[in-house]
Amino acid sequence: MMERSRDSDSVGDLRRGRAPELATVVSALPNELFQLRLEDGSECVAHVAGNLRMGFTRLVPGSVVRIERSPLDPTKARICERVARPAR
């Protein structure tokens, strides 16, 4: 049986046909969903991946996150990690 990696790396994402993208949290919705604004200006709804949920990562409006979009519905995504903002 092939062992699966716990962390989601960009190479694995590309292999599965999902390119990671950056997005900004616009608002928190019920049931742990978030409204996100992508870099190209479009918006989508995303849920938090299991590893972030287990780590109690706090996402607030304005947080920058890395997401994987659904190949079937581009308006849905999964939040893979929170990205630290660069120092000003």
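Trainee: Where is S63 found?

Mentor: First, the ground rules. This is a predicted model, with residues numbered from 1 along each chain as its sequence is written. Local features need pLDDT of at least 70, side-chain atom pairs count only at pLDDT 80 or more, totals for chains, interfaces and linings use all residues, and side-chain values use heavy atoms, leaving out hydrogens and water. Helices (H or I, at least four residues) and strands (E, at least two) are DSSP runs, numbered from the N terminus. S63 is in the loop between α2 (50-54) and β4 (64-69).

Trainee: Is S63 buried or exposed?

Mentor: Buried means under 20% relative accessible area, exposed over 50%, partly exposed in between (1.4 Å probe, protein chains only). S63 has 4%, so S63 is buried.

Trainee: Which residues does S63 touch?

Mentor: Contact means heavy atoms within 4.5 Å. Not counting residues up to four places away in sequence, S63 touches A23, T24, V25, R82 and R85.

Trainee: What pattern does the protein chain follow along the sequence?

Mentor: The pattern reads α-β-β-β-α-β-β. That is two helices and five strands.

Trainee: How much of the protein chain do buried residues make up?

Mentor: Buried residues are 26% of the 88 residues. Now the contacts with a separation of 6 or more: residues 24 or more positions apart account for 46% of them.
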